[in-house]
Amino acid sequence: MLTQFQSVGRALFTQGLVFSHGGNLSIKLGEHLVITHRGSTLGFIQEGDLVETGISKNNRVTPLASKELEIHRCIYRNTSASAVVHAHPPYAVALSFTESEIVPCDLEGQVLLSRVPVLGRDAVARLDDLAGEIARLLHEYRVVLVRGHGTFAVSQLLEEAYYYTSALEQSCRLLYLLKTMGMTPR
Ligand SMILES: [Zn+2]
C-alpha cells in the first residue's frame with residue numbers, strides 16, 4: 001500500500017500537479033481510510049506519512065490526518081469511490097477562474113473525462129463548505145475542479161484517480177495554449 005502512495009505522490013510532484021506540501025491522497029479500507037499526513041510532501045512519502053482513521057469515527061491519530069480529511073470522508077460516505085487524489089494543477093486552476101466547466105478538446109480528455117465542473121463562487125470559498133457539493137458532483141464526474149484551488153479525482157484505484165488528474169491538466173494546458181493563440185477549440 002505504501003508503494004502505491006509513493007508512486008502516485010512522486011508522479012504528481014514530478015509533473016508539477018502538486019508543489020512542495022500541497023495536495024493529499026487517500027484510499028478506502030472498509031470503514032476506514034488511509035490518508036496522507038497533515039503537511040506531508042507528496043513527492044517524498046515515507047511510512048510515517050500515512051494515517052489510518054475512521055470514515056465516520058475519529059481515533060487517536062485523526063488530528064494527524066490531512067487538513068482536507070473531511071472532504072475525503074464526505075466523498076467516501078456519499079460515492080462508491082475507493083481512492084481520492086487532491087492536487088493543485090496550475091493550468092486547471094488558472095482556467096477555473098474564468099470557466100464554469102472544462103470541456104476537453106483533445107481525444108484523451110474527451111474519452112476519459114467528457115467534462116469537468118468548476119465549483120465555488122470565488123477563490124476564497126472555504127473547502128469544507130464545499131464538501132457536500134464536491135461529493136454530490138463526484139457521483140457523476142470523475143474529477144471536479146474547485147475554483148482557485150485544485151482538483152478532486154475519484155476512482156477505485158489511486159493510480160487511476162491520478163491518471164484522470166493528469167489528463168485534466170493536459171487538456172487544460174491545450175485549452176490555455178489555444179486561448180493564447182486566439183483560437184476557440186470548439
Ligand atoms: Zn488543496
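Predicted model: local features only at pLDDT ≥ 70, side-chain atom pairs only at ≥ 80, totals over all residues.
Local features need pLDDT of at least 70 and side-chain atom pairs count only at pLDDT 80 or more, while totals for chains, interfaces and linings use all residues. Residues are numbered from 1 along each chain as its sequence is written.

Select Ile75, Val85, Ile134, Leu158 and Ala161. Among the 51 residues of the largest nonpolar core, these touch the most other members. A nonpolar core is a set of buried Ala, Val, Leu, Ile, Met, Phe, Trp, Tyr and Cys residues joined through C-beta atoms within 7 Å. Buried means 20 or more other C-beta atoms within 10 Å, with C-beta atoms placed from the backbone. Helix α6 (residues 158-180) gives the most to this core, 8 residues; helices are DSSP runs of H or I, at least four residues, and strands runs of E, at least two, numbered from the N terminus.

Stay on Leu158. Beyond four places in sequence, its contacts (C-beta atoms, placed from the backbone, within 7 Å) are Gln4, Phe5, Val8, Leu25, Ile27, Ala83 and Val85.

Next, Tyr91 in helix α3 (residues 90-96). Tyr91 is buried because 20 other C-beta atoms lie within 10 Å. Tyr91 touches Glu169, Cys172, Arg173 and Tyr176, leaving out residues up to four places away.

Finally, select strand β7 (residues 143-146). Val143 and Leu145 point one way, Val144 and Val146 the other, and all are buried. Strand β6 (residues 116-119) pairs with β7 in parallel over 2 bridges; DSSP must find at least two bridges for a pair. Leu119 is bridged to Val146. On β8, Gly150 stands opposite Val146. β7 and β8 form a hairpin with 3 residues between them, and Gly148 in the turn has a positive phi of about 70 degrees.

Conventions. Buried ≥ 20, exposed ≤ 12 C-beta atoms within 10 Å, placed from the backbone. Contact = placed C-beta atoms within 7 Å.
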